[in-house]
Amino acid sequence: MVAIQLFNEIGSIFRNTPTFALVLETLLVITVIWLLLHRRGGGRRRRLTKEEEDQIIADFEPEPLVGDTDPDHPLLRTRIVQSKVGKQIRVDGHDCLNLGSHNYLGFLEDQEILDEACKSLRKYGVGSCGPRGFYGTMDVHLDLEDRIAKFMGLEEAIVYSYGFSTVASAIPAYAKRGDIIFVDEAVNFAIQKGLDASRSTIAFFKHNDVEDLERLLIEMEKRDQKNPKKALKTRRFLVAEGIYMNTGEICPLPELVALRQKYKLRLFLDESISFGTLGQGGHGVTEHFNVDRDEIDLISAGMEGSMATIGGFCVGSHFIAEHQRLSGLGYIFSASLPPMLTQAAISALDRFEREPKIFEQLQSKAKTLHQKFSQFSKLTLRGNELSPVKHLYLAQAAENFDKELKLLTELADKCIARGVAVVQAAYLQNRERQPVRPSIRIAVNRLLEDADIATAFEVIESVSNAVL
């Protein structure tokens, strides 16, 4: 009776099961049987002897972890720095005037900031050894975030331990697949990596060309009208730099803000160079153009330039900062900024507020250098006169990228040998989203004297005439 009842139940299952499910289950059973038989068959293969196994192991040659690399590749060339980095620097045995380090306000050699950092080192040790969300948060981190927010006149700030990861983490924390991001084609590599991580649709507009940006926005509006349901779900972002690392030019912020309002965009602004360099109080490009900072959804900046430390920050509304504490990958998974370097940033902010004249001094030196370096006979200068970052290009372009890079590398080497430290701008050319022309990147220091600028001009002019 039990067997008959079981048979009836099985029959009922088959009658109530869809045909496609029965076919699928049958195929799966056949596949499992075939795999079992195949494994058994493989087990009857002849086993190798110990001598044969040893011979196979001896003959095995693993592939290299890294492929062949050109030993003359410019990124593999090393220059040995044998001194503390400051206005003066010793490179490859040559005492040089330093025009290569992003030490805009000269804080790398400021004794007061150094003393405060050393006090913090004695109190906290070298590092926290943990991310902020676990045991990496100390009182100096909270103090720095509070100070940055107050300095910028915004609700809240969040501090990252590495400048590159700041904007590269902030962008994908908000922009996701299905969103669209309008981006200036000259943005730095950190922003490009943030765009890649977001998996959003990227629309590049010509560098500092507001008309080209509006053309893209009009095209977007036309597409939205054809598919209004999709348009309601698509978020739109606009990303720009205050001062562009790759060109030294200032963004047209008032025009970007106007387009943000007109087309309902979320504006992200990277002020890694403009923070601490532009404006009467060093508040950046917003102060330079007298734009209300509430018009910018997110302001980010690295602290390696004007603040003479490492790390970076994002500042904005409470939501902007708080969201990144759970979504900013560089914040969540990185050990926190070492306390002594956090204290260095706090001390730099103290100087910002106590001595606002330092920004006028830096801008004056940037103007002086810009006027002088515009007179080169074999090189052309690019960048805004107020920018502490400028680029020198060959006045007459070489036949290809490698040739131009080689000439600039030779120029930099000979300038160092004659006492002026300049470096060619380094790019991962095969990874850049837009082609970048080789250049010598100049970094202005507030401590430069007019005589230093004149000397640097004479050396670079003499070397460029000899090389080119």
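Predicted model: local features only at pLDDT ≥ 70, side-chain atom pairs only at ≥ 80, totals over all residues.
Asn-188 sits at the N-terminal end of H7 as its cap, with a side-chain oxygen 3.1 Å from the backbone nitrogen of Ala-190.

The buried set consists of Phe-189, Ala-190, Ile-191, Gln-192, Gly-194, Leu-195 and Ser-198.

H6 covers residues 163-174 and H7 covers residues 189-198; the two pack at an angle of about 30°, and their axes are 7 Å apart. With an angle under 35 degrees counting as roughly parallel, H6 and H7 are therefore roughly parallel to each other. Their crossing is right-handed. On the H6 side, the contact is made by Phe-164, Val-167, Ala-168, Ile-171 and Pro-172, while H7 brings in Phe-189, Ala-190, Ile-191, Lys-193, Gly-194, Leu-195, Ala-197 and Ser-198. Sorted by class, the residues of this contact come out as ten nonpolar, two polar and one charged.

Ser-198 is worth a separate look. This residue of H7 has a relative accessibility of 2%, so Ser-198 counts as buried, the cut-off being under 20%. A polar atom of the Ser-198 side chain lies 2.7 Å from the backbone oxygen of Leu-195. Leaving aside residues up to four places away in sequence, Ser-198 touches Ile-171, Pro-172, Ala-175, Lys-176, Arg-177 and Ile-181.

Now for the loop between E4 and H7, which is where Glu-185 lies. Is Glu-185 buried, partly exposed or exposed? Its relative accessible area is 32%, so Glu-185 is partly exposed. Not counting residues up to four places away in sequence, Glu-185 touches Phe-204, Phe-205, Lys-206, His-207 and Gln-434. With His-207 there is also a polar approach: the backbone nitrogen of His-207 lies 3.4 Å from a polar atom of the Glu-185 side chain. Glu-355 is another matter, as 170 residues along the chain separate it from Glu-185 and the C-alpha atoms of the two are 36 Å apart.

Another helix pair, H16 and H17, is described in the same terms. H16 (residues 401-417) packs with H17 (residues 450-467) at an angle of about 135°, and the axes are 9 Å apart. That angle makes H16 oblique to H17. H16 passes H17 in a right-handed crossing. Which residues meet here? From H16 come Leu-407, Glu-410, Leu-411, Lys-414 and Cys-415, and they meet Val-459, Ile-460, Val-463, Ser-464 and Val-467 of H17. By class, this contact of H16 with H17 holds seven nonpolar, one polar and two charged residues. As for the spacing along such helices, an α-helix has 3.6 residues a turn, so residues three or four places apart point the same way.

Conventions:
Residues numbered from 1 in each chain as written. Heavy atoms only, no water. Axes fitted to C-alpha atoms, helices over the stretch in contact; angles between N-to-C directions. Helix = DSSP H or I, 4+ residues; strand = E, 2+ residues; numbered from the N terminus. Parallel < 35°, antiparallel > 145°, perpendicular 65-115°, else oblique. Left-handed = near helix turned anticlockwise from the far one by under 90°. Contact = heavy atoms within 4.5 Å. Nonpolar A, V, L, I, M, F, W, Y, C, P; charged D, E, K, R; others polar. Buried < 20%, exposed > 50% of the residue type's maximum accessible area, 1.4 Å probe, protein only. Polar contact = N/O pair within 3.5 Å; in protein donor to acceptor, adjacent residues only side chain to side chain.
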